[in-house]
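Dear colleague,

Please find below the structure that I am passing on to you. My findings follow directly after it.

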Amino acid sequence: MSDTNKNAFQAGQAAGKAEEKSNVLLDKAKDAANAAGASAQQAGKNISDAAAGGVNFVKDKTGMNK
């Protein structure tokens, strides 16, 4: 293999490895974003549930929940 072909081959290998590493990093970033979104969504549901419970408690205590 000539030096030019060898260099081109090695450059192609390096580019392929760099692309694979970037894909792995992107996948990790997507996973982290999805986990953060799910966590925030669960927190919002918990707050909503707690607020609804508080409203029902007040209604029960004031006799408005018949």
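The protein carries 9 positive and 7 negative side chains, with 10 Å between the centres of the two sets. In this count Lys and Arg are positive and Asp and Glu negative, while His and the chain ends are left out; each charge is placed at NZ of Lys, CZ of Arg, CG of Asp or CD of Glu.

Please note that this is a predicted model, in which local features need pLDDT of at least 70 and side-chain atom pairs count only at pLDDT 80 or more, whereas totals for chains, interfaces and linings use all residues. Residues are numbered from 1 along each chain as its sequence is written, and side-chain values use heavy atoms, without hydrogens and water.

The C-alpha atoms occupy a box of roughly 90 × 10 × 10 Å along the principal axes. The radius of gyration is 28 Å, whereas a compact globule of 66 residues would have one near 11 Å (taken over C-alpha atoms; the globule rule is 2.2 Å times the number of residues to the power 0.38). Ala52 and Lys17, 35 residues apart in sequence, are 53 Å apart in space, C-alpha to C-alpha.

Of the 66 residues, 0% count as buried (under 20% relative accessible area; exposed is over 50% and partly exposed lies in between, with a 1.4 Å probe and protein chains only). Ala52, in helix 1, is partly exposed because its relative accessibility is 39%. The protein exposes about 5,600 Å², of which carbon and sulfur atoms supply 58%, by the Shrake-Rupley method.

There is one salt bridge (a side-chain nitrogen of Lys or Arg within 4 Å of a carboxyl oxygen of Asp or Glu). Lys45 and Asp49 form this contact at 2.8 Å, N to O. Because they are four residues apart in helix 1, about one helical turn separates Lys45 and Asp49. Lys45 is partly exposed at 45%, and so is Asp49 at 42%.

Finally, Glu19, Glu20, Asp27 and Asp31 form a surface patch of negative charge (patch residues have over 30% relative accessible area and no salt bridge; like charges are joined within 9 Å, and nonpolar side chains, namely Val, Leu, Ile, Met, Phe, Trp and Tyr, within 5 Å). Asp27 lies in helix 1, residues 3-62, and is partly exposed at 44% relative accessibility.

Yours sincerely

Notes:
Areas by Shrake-Rupley, 256 points an atom, 1.4 Å probe, with all protein chains shown as cover. Helix = DSSP H or I, 4+ residues; strand = E, 2+ residues; numbered from the N terminus.
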